[in-house]
Structure formats: structure tokens, C-alpha cells
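Subject: Structure handover

Hello,

Here is the structure you will be taking over, with its sequence.

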There are 2 protein chains.
Amino acid sequence: MALIVQKYGGTSVGTPERIGAVADRVARFRKEGHDVVVVVSAMSGETNRLISLANEITDEPVPREMDVLVTTGEQVTISLLSMALIKRGVDARSYTGSQVAIETDSSFMKARIEKIDDHRMRADLDAGRVVVVAGFQGRDPEGNITTLGRGGSDTTAVALAAALQADECQIYTDVDGVYTTDPRVVDKARRLDSITFEEMLEMASQGSKVLQIRSVEFAGKYNVPLRVLSSFEEGPGTLITVDDEVDMEKPVISGIAFTRDEAKIIVRGAPDTPGIAYKILGPVSDANIEVDMIVQNAGAAGATDFTFTVHRNDFKRAMTALEKSSELGSPEIIGDDTIAKVSLVGVGMRSHAGVASKMFETLGAEGVNIEMISTSEIKISVVIEEKYLELAVRALHSAFELDRESA
Amino acid sequence: MALIVQKYGGTSVGTPERIGAVADRVARFRKEGHDVVVVVSAMSGETNRLISLANEITDEPVPREMDVLVTTGEQVTISLLSMALIKRGVDARSYTGSQVAIETDSSFMKARIEKIDDHRMRADLDAGRVVVVAGFQGRDPEGNITTLGRGGSDTTAVALAAALQADECQIYTDVDGVYTTDPRVVDKARRLDSITFEEMLEMASQGSKVLQIRSVEFAGKYNVPLRVLSSFEEGPGTLITVDDEVDMEKPVISGIAFTRDEAKIIVRGAPDTPGIAYKILGPVSDANIEVDMIVQNAGAAGATDFTFTVHRNDFKRAMTALEKSSELGSPEIIGDDTIAKVSLVGVGMRSHAGVASKMFETLGAEGVNIEMISTSEIKISVVIEEKYLELAVRALHSAFELDRESA
């Protein structure tokens, strides 16, 4: 008998039949004696349908009204799921984000949760009801409807689990867990039984899209055990928890993340003077563009080579911002949007030397040139030519023995 | 400079283009210096789409969850209309029934408004904003979402007009006003410039479907001037007000309403004893069937003929209830669902004798047999064979000079 928060995404509730299947699963958990709070997204396609309506009205919909519009998507799902549960003899009650109440700041379309009032949920759970909550939405101090940004239903689930001190927060998706790497690239990729919050964060920020980064941060901060499972198949999924015991048997590397979402910009031969980094990145940041990796090398006498990466969508704007900047003198600016980033992630790296050298050796043996390197305590990322991406990921997956079942 | 509440129904906001046209009209009123509160329904077809979704989930959707579901329809419209207004440079803000707040009782799917908090609306109006409110919905004392029943957006508009003491409540529909009778039956039917609340109530309850009865009652009770206009054409519409001065020029009859929605049941030769009316109508009312007209004639010695009408949908159930009833002895029970009811409506009737006799004379001259008669202070209704309906309405329309433009 546990208190479980379950979250079902848009694909899992995409049709009335699938909503019925979710209700079957929730009913089973109830029958086993668990208290269940369910968080749902809008039926797949619905949010896009609503956004299209707005785009037919105006090119610049105001954020406050966008939130009023798109939150109807989850409101439809909560009512349908509650009906489906009640039909199955399971008492249930639905709540919008405003009703629960999930209180947020007033940043429409990207609000942050500030407080959750759990008294209505507690009362329903005590009365034996399943509580069905609309994901991704809340209300600000004035009672305006807000959203946490697209995909924010994971964050709602984790926040509710934290507020209710739930035993587990289960995120049901269309994959059956977190993998050592993308199975579409490496067919020997394996599902991980468990992974730490830190590793999951690095995997997510490096391009593994199983969970929203903010929900993992939240879960880590409030120590909410988070499990990723499939809506469509039975299975234990992957449990994401704190790394509370040093497991000597734990493999050095947990997974390999990668992304093609970045582009590289080299500023060659800029004057090697104090403040040059700011002079280069200032115009980029003024254009509201986030920079990911940064590498600086002293080049020829009095000059320096400065390289950084930005999201590929921001590449052209970043180039323009740099070329317009008058403070750089006249260095050579070279852009490259045919790069990819590959990252090894694992808390085991902390206690094992030689991960980096083994990575470089493996890539070198395959003839893959490394263009940039960046490291953290539990991650090593390299930028390579995009065309080598699959080759590099497969070679590393094999070299670090991720293909093998762990004990 | 007036405070105007406008209500636009589902057809008027049925597409993004039509929402744009509504925004144009509202913007024009703002430019003229008026304060405007707009109440909107769901886009046409949307409520039915939502109900179909519920029906795919369960045969018996619980009312609480139905209200959560269908209220998303108006929520979509308020956000789109607000966006359209802002695009036109008119500051606007949308509110759901819960947000406004329109407080109702807890009768889901048929709630009644108990209180309206106007402070948010006042603040927005004072700040020069148009207030856009979702029709048909409210919240109960526990914060649950409720609806006023289908078509209840008219009631929302009138209630807001009453709460704000608006100068006029304008109901925009797909007709350009209230007519002397249905123009599809009488091509000489004329739009009325004005009609009293009492007349409008009688017209509505006798089958003229321009406005929801409850909204007219509400408007009459709180003395809110109500105007029916077309969303698609310009024009003054029909003003519905109190009859505060006796207009000697006012025609005796304002309009002719009719309905085919009823069926007649005759109980012939029931024992003519005290309480027989109750014995006949008791089983019908126990079956939750509403009775409209009732006529009782003494028949042969010791026996009586008792005739009443019910809604045609309830006809079979009413017949069964009567036939099963053991308390009636064994009278002859005759049903007829090929009848129609025609009603003359007009406050002028009060001061003019002879309306009834002129009506009967007109029908007699056309060979139309009158099967039942029922009168009120401002209405005379007759039941006739359904096949004579059009003939009767046209003859009366002409006899009472409704074809002629009034001075």
C-alpha cells in the first residue's frame, strides 16, 4: 500500500480507447490497495490543433490568452479519464491546475510552480478516490491560468509527488525505460534498471529526450523516486534515484547521449587581450542566444582562437550578431552547422581514471577527429563531424561494454 | 457612452474568421466610447464533439465530469476572441465562469446562478479593457466547475448585465430580431422593433426559439433591457423591455407562436368524482412527465372527459403510465400525436375584448376545427390538427393585421 503519482503523456491518452487502457491500469493499482494520483497531458495532436486556431487569429498571440487556450487540452483529458474510471467502479475526481491548486508565478507559457495546496487531494485520497490532475498548468496569485511550458506535465507529476510525499512518481511514456543510448542508432542498446538523478540530468541535457530536464531536477531536489515506464507494455521500466551507496560493481559509464542540435562558431585570430571572451559572447547573449560549449586556445602571437557552440536554430542569428559586432577588430569568423555532440555519462567516472583517454583512443581508432572537448564530473562531451555520429556512438557503446547485461 | 453586455452564440463564433468579425464589431463599440463585456458560447459543433468523446468513454458520464469537459468549449472561444481583439489594438482579457466569478449551486449540468462577483470586471472596464467571459458556466461553493445547461450563455449575459447594471444586453444570433411569427411559415412575417418581457416569455414558451426562456425571465426580473440582433447583418434588432407606458397605438397582438412538439391524450368516460383529475395526472407526473394544457368537460351522466397535452417525446411513456394505472376504472384512453398548438400573444389583449372570438371566427372560416383552448392574460392558445398549422398561422397573421407595418 503506497501512494503513487502516475503521469500519462499525450500518446498514452491519444484516443478514447487508450484512455480506457489507462483507466484499466489505474484501476489495477487501486485494487492492489494503492492510493493513486494521476497526471495527464492533452490528447496527442490536441495542443497543436489549439495552437493552429490561435495562429489563424493572429501572428502574435498574447501569452496570457495562449495559456487560457491550450490548458483546455488537459482539461478534456482529465474529465474523460475520470469518467472512464467511474465506469470501471473506481471513484475518481478531476481537477484543473487552478483547482488543485498549483500556484505558479505569472510568467505565462513558462511559469514556475511556487506552491501546491494538497488539502483537496488528501481529502479525496482519504475518501478512497483516485485524483486526476491536469498536467502542465497552474494559476498565478491573481487567479490567471498559467502553463509550465510544453511538456511540463512531467514537472506537474513530480511536484505533486513531492507535495504529497508520494512513494513513487511513475512517468508512463511510449518507451519502456531509459536506455544506454538511442536504440535506433545502436541496436544493442540496453534498458537500464536504474540511473541516478545526476546521470539522468546529463543524459537529458545531452539530447536523450525521455524526460523533461526540469522534472528530473525537481525530483532530485525533493528526492522523489522517479520511474520511467511504457504505457503500452508491462515492465519494470527504469528507476531514477539518488546514488546513496557506492556500488563497486556499477559500470563506469551508464549511457551515451548525443545530439545534432548544435552548431559551432570559431572566431580565429581575435586580439588576445583581457575581456576578449566577453566581447565575443556579449553580442551573442544580447541576441538572447544561449551558448553551450566554449573552448579558447592561444593562437599566433597576440591573437587567440575562440570556439563555441549554440543551438542549431540560433546559428544564423549568432553569426549575424558576431559579424555586426564592431568591438572585435576583424577576426575570421567560421561557422559550421554539420557537427554533432557525443557525451559519455556516468557517476562511476568519478572513481575511475582513464575514461577520457579510452574515449579518445576509441574514436581515434575509428578515424573520428575530435573538434572540441568539454568535461564535467560525471560527463565527457566531444564535438565531432556529424557524419561520424552513428559510428562514434556504436564504437563507444561497445568499447565501454554497455552492450553487456550487468550482473 | 454606455455599458453594454454582448452575447455571441456558437454560429457567430464558429470559425476563426467569424471570431475576427465579432472582434471588428466589438472594436467599433469600443471606438464609440462604450464599455463592453462580451459573453461567448463554444464554437458551433465543438460542444457536440466533446459530448461524442464522452460517449465513446461511457454510456453514463457523471455530470460533474461532463461539466469539466464541455466548459472547455467556451474557454477556447474566450481566448481566441481576446487574441483577436488585442490584434486590433483593443485591450482585452478573458475569464472562465470560475474566474469571473459566477457562483452557482452544485447542480451539475443545470446549475443556477447565485451570485456574481463583479470586481475583476469593474477593474478591467475601468482600465479600458474589454472583458470576455465564457458563457454557460460557473463554479459551485467548493470550486467545482458547473454549467447552466445547454444554451445557457444567454443567461450568463443577462446575469452579468444585471450584476453590472449594464445599459443594454445585446444577444447576437443568426436571426435579426423577434418576428411576428416564423418567417419560414408566413413570408409576410415582420420583425418587431420592441416586445415586452411578458410577451417574449409567452412567445418563447409557445415555441419561438430565439432566446432561452430563463434568460428572458432573468432579464425581466432584474429589468435588464435585452436586444436581439443579427451577428451577420447590421440592424436595430428587437428590444425587449418592460411595458412601462400604455401605448394606445400598440397593436392588440404582437405575435403568433406555434409548436408541433405536443401530443394530446383524452381520457373519456372516467368517473366524475372528486379527485379524478389527480388520479389521472398522478401516474403521469410520477413518470416525471410535464403536462401543458388541461381541459375537463362533464360528459355523460356520472362520467367526465379529461384531455391534456404532453411533450411529443413523452407521449408513449404517458400513454403507458395511464394504461397501467389501476385507479381509473376502465375509461377509454385516446392518444393523438398529430396535433399542433397555435398561440396569439400580446399585452394589448388586456385592454381589448373580442380577441378570442375573432381568433375562433378566423379559424372557423378556414374550416379549422379547434380541439382545445387555453388562455392567459396575454395569450390565447388553441390545439388544432397538425395538417392545418400553416393555414391557421397565415390566416391569423393576416386577420390580426400583423402583416402591416406599424406606425
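I start with the place where the two chains meet.

One helix pair across the two chains can be followed in detail. Two packed helices are described by the angle between their axes and the distance between the axes. For α2(A) and helix α3 of chain B (residues 63-87), the angle is about 30 degrees and the axes are 9 Å apart. Angles under 35 degrees count as roughly parallel, so α2(A) is roughly parallel to α3(B). The crossing of α2(A) and α3(B) is right-handed. To find this contact on screen, select Leu50(A), Leu53(A), Ala54(A) and Ile57(A) on α2(A), then Val76(B), Leu80(B), Met83(B), Ala84(B) and Lys87(B) on α3(B). In the contact of α2(A) with α3(B), eight residues are nonpolar, one is charged and none is polar.

Helix α6 (residues 153-163) and helix α8 (residues 213-222) of chain B have axes that come within 8 Å and cross at roughly 10 degrees. This crossing angle makes α6(B) roughly parallel to α8(B). From α6(B), the contact uses Asp154(B), Thr155(B), Val158(B), Ala159(B) and Ala162(B). From α8(B), Arg214(B), Ser215(B), Phe218(B), Ala219(B) and Tyr222(B) take part. The classes in the contact of α6(B) with α8(B) are six nonpolar, two polar and two charged residues.

Now the domains. Chain A is assigned domain 1 (3-174) and domain 2 (244-407). The centres of domain 1 and domain 2 of chain A, taken over C-alpha atoms, are separated by 37 Å.

Some backbone details are also worth a look. Which peptide bond of chain A is cis, with omega near 5 degrees? The bond from Val100(A) to Ala101(A) is, and Ala101(A) sits in the loop between α4 (97-100) and β4 (102-104) of chain A. In chain B, the peptide bond from Val100(B) to Ala101(B) is cis, with omega near 5 degrees. Ala101(B) is found in the loop between α4 (97-100) and β4 (102-104) of chain B. Gln165(A) is not a glycine, yet its phi is positive, at about 50 degrees. The loop that holds Gln165(A) runs between α6 (153-163) and β9 (168-173) of chain A.

Last, the confidence scores. The average pLDDT of chain A is 91, and 96% of the residues score at least 70. For the model, ipTM is 0.82 and pTM is 0.83. Where pLDDT is low, the predicted coordinates should not be read in detail.

Regards

Terms used
Residues numbered from 1 in each chain as written. Chains lettered and ligands numbered in written order. Predicted model: local features only at pLDDT ≥ 70, side-chain atom pairs only at ≥ 80, totals over all residues. Axes fitted to C-alpha atoms, helices over the stretch in contact; angles between N-to-C directions. Helix = DSSP H or I, 4+ residues; strand = E, 2+ residues; numbered from the N terminus. Parallel < 35°, antiparallel > 145°, perpendicular 65-115°, else oblique. Left-handed = near helix turned anticlockwise from the far one by under 90°. Contact = placed C-beta atoms within 7 Å. Nonpolar A, V, L, I, M, F, W, Y, C, P; charged D, E, K, R; others polar. Domains from an automatic or database assignment. pLDDT = per-residue confidence, 0-100.
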